[in-house]
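Hi,

Here is the structure I said I'd pass on.

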Amino acid sequence: MKRIVIPAALFLIGLPIAASAFKEGPYPNVTGGFGERSCHLCHLDNPINAPGGSVGLDGVPASFVPGHTYPITVTIRRDGLRRGGFEIASRFATGRLKGKQAGTWTPMDARVQLIPGAVDKSLSFVQHNLIGSRAPATGSNTWTIQWTAPNQAAGSVQFNVAGNASNNDDSPLGDYIYLKMVRILPDKRK
């Protein structure tokens, strides 16, 4: 009996501690793209992209001009959201550079942070931080970052974003994870 109760108790005691760390941002490589896991790795009691919420990606151009900068806005929505988080990446979708970093990210305010990939340190992920996880109003949270397109038109670019609509109870339970993927091609006219 002790072999079951003690580990279970330690797990339950550790949940709030572990969960509170994610208010400051998740692990890298949890956007759900390129065969990687998503935030659903920890926030797993509700299905991915459950009805009643969404993650949006605005400002992504239909095609990109190499070297041009675009403001990209991530929005997570769900009734009852009290905190919200996200992680986004931009990678080449095809060709010899498939899965490699595509373009660069620049934070526009103190609500987001850049982190390197867990294995491939040349990858760059943008995610919320503690300040950025606070929803200004119940129901949604929004972040805007700048993405500068790759200098060379080496192929299509894939954006993967994961959003967490959190209930702010300091546990990974009761939260909703939303995933979105968008692919764009270089503008051949430029």
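**Around arginine 83**

Leaving aside its neighbours within four places in sequence, arginine 83 is in contact with Lys23, Leu130, Ser133, Arg134, Ala135, Asn164, Ala165, Ser166 and Asn168 (contact means heavy atoms within 4.5 Å). Before you read on: this is a predicted model, where local features need pLDDT of at least 70 and side-chain atom pairs count only at pLDDT 80 or more, while totals for chains, interfaces and linings use all residues. Residues are numbered from 1 along each chain as its sequence is written, and side-chain values use heavy atoms, with hydrogens and water left out.

Back to arginine 83, which sits in strand E4 (strands are DSSP runs of E, at least two residues, numbered from the N terminus). Arginine 83 counts as buried because its relative accessibility is 13% (buried is under 20% relative accessible area, exposed over 50%, partly exposed in between, with a 1.4 Å probe and protein chains only). Its side chain makes polar contacts with the side chains of serine 133, at 2.5 Å, and asparagine 168, at 2.9 Å. A polar contact here is a pair of N or O atoms within 3.5 Å; within protein, one must be able to donate a hydrogen and the other to accept it, and residues adjacent in sequence count only if both atoms are side-chain atoms.

**The sheet**

E4 is also part of an open sheet of six strands, ordered E2-E10-E9-E4-E7-E6, with mixed pairing (two strands pair if DSSP finds at least two bridges between them). Strands E2 (63–64) and E6 (112–116) are at the edges with a single partner strand each, so one side of each has no neighbour in the sheet. E9 (residues 157–166) and E10 (residues 176–186) run antiparallel and are joined by nine bridges; valine 157, for one, has isoleucine 184 in E10 as its bridge partner.

**Aromatic rings**

The whole structure has five aromatic pairs (rings of Phe, Tyr and Trp, the last by its six-membered ring, with centres within 6.5 Å; planes under 30 degrees apart are stacked, over 60 edge-to-face, the rest tilted). Tryptophan 105 and phenylalanine 159 make an edge-to-face pair, 6.1 Å centre to centre with 75° between the planes. Tryptophan 105 is in strand E5 (residues 104–107) and phenylalanine 159 in E9, so this pair ties together parts 54 residues apart in sequence.

Cheers

Definitions and conventions. Helix = DSSP H or I, 4+ residues; strand = E, 2+ residues; numbered from the N terminus.
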